[in-house]
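Here are my notes for your first look at this model. Keep the structure open as you read.

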Amino acid sequence: MIETSAADAPKLTGRGAARRSALFEDLVALLVGEGFARLTLDDLAARLRCSKRTLYGLADSKEQLVRAAVVHFFRRATARVEAVLAAASDPAERLAAYLRAVSAELAPVSPQFFDDVAAFEPAAEVYERNTRAAAGRVQQLIEEGVRAGVFREVHVTFAADVISSVMVRIQRRQVAAATGLADAEAYEQLAELLLSGLRKA
């Protein structure tokens, strides 16, 4: 789960909180669907049918708005992925469910959003932090499978390091550049490789 500071959170409390919350959700959907680098505050205000003053009611700058939106996207995605994981019991099923849930969360996201995140350091740091947390979760799931006798006896730390390296390459858009795979597709392929390599014959 992403750790956030007060600076990461939009201003959603106080008078008009419900309207600002709905506006922020619309903002997140817009940025996720189209990216944000080419959009000015004027563009955002026009697309969201609000004033720039209203946007400044959410955050003090476009940069803070973008970071808050990225944090919100990954926090919400993490919660849904963990809910899917909680519903699975078999260790192999849990690992597959986790990675495929990650893939499902990333599938609707536009390539432009990921490109813009990679190019904007405050947002890239959020994605990288989330990726590190996800890699740690995968290591836990592999350890569960080994202890349960479902997975082969592997060097878990090494396996986790390899997986983390791939996940970081996905996050940095290096896998997309090398293979043409979208982030969601890359996670689906990673799930297939892991399960094929870890399951006992």
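Predicted model: local features only at pLDDT ≥ 70, side-chain atom pairs only at ≥ 80, totals over all residues.

Which helices each supply at least two residues of the lining of the second largest pocket?

1. Two helices answer the question: H8 (156-171) and H10 (183-198). Each gives the lining at least two residues.

2. Now look inside. The second largest pocket holds about 190 Å³ of space. Its lining counts 13 residues. Nearest the centre lie Ala 159, Val 162, Ile 163, Leu 194 and Leu 198. By class, eleven lining residues are nonpolar and two are polar.

3. Step back to the whole chain. Ten helices are present, and zero strands. Read from the N terminus, the elements run α-α-α-α-α-α-α-α-α-α. Along the principal axes, the C-alpha atoms fill a box of roughly 60 × 35 × 25 Å.

4. Next, find H1 (residues 17-34) and H2 (residues 41-48). Their axes come within 11 Å and cross at roughly 115°. That makes H1 roughly perpendicular to H2. The crossing of the two is right-handed.

5. Which residues of H1 meet H2? On the H1 side they are Leu 23, Asp 26, Leu 27, Leu 30, Leu 31 and Glu 34. On the H2 side, Leu 44, Arg 47 and Leu 48 meet them. By class, this contact has six nonpolar and three charged residues, with no polar ones.

Definitions and conventions: Residues numbered from 1 in each chain as written. Heavy atoms only, no water. Axes fitted to C-alpha atoms, helices over the stretch in contact; angles between N-to-C directions. Helix = DSSP H or I, 4+ residues; strand = E, 2+ residues; numbered from the N terminus. Parallel < 35°, antiparallel > 145°, perpendicular 65-115°, else oblique. Left-handed = near helix turned anticlockwise from the far one by under 90°. Contact = heavy atoms within 4.5 Å. Nonpolar A, V, L, I, M, F, W, Y, C, P; charged D, E, K, R; others polar. 1 Å grid on protein atoms, 1.4 Å probe; cavity = no way out; pocket = protein on both sides within 12 Å on 5 of 7 lines; lining within 4 Å. Points joined across faces, edges and corners; volume = space filled by probe spheres on them.
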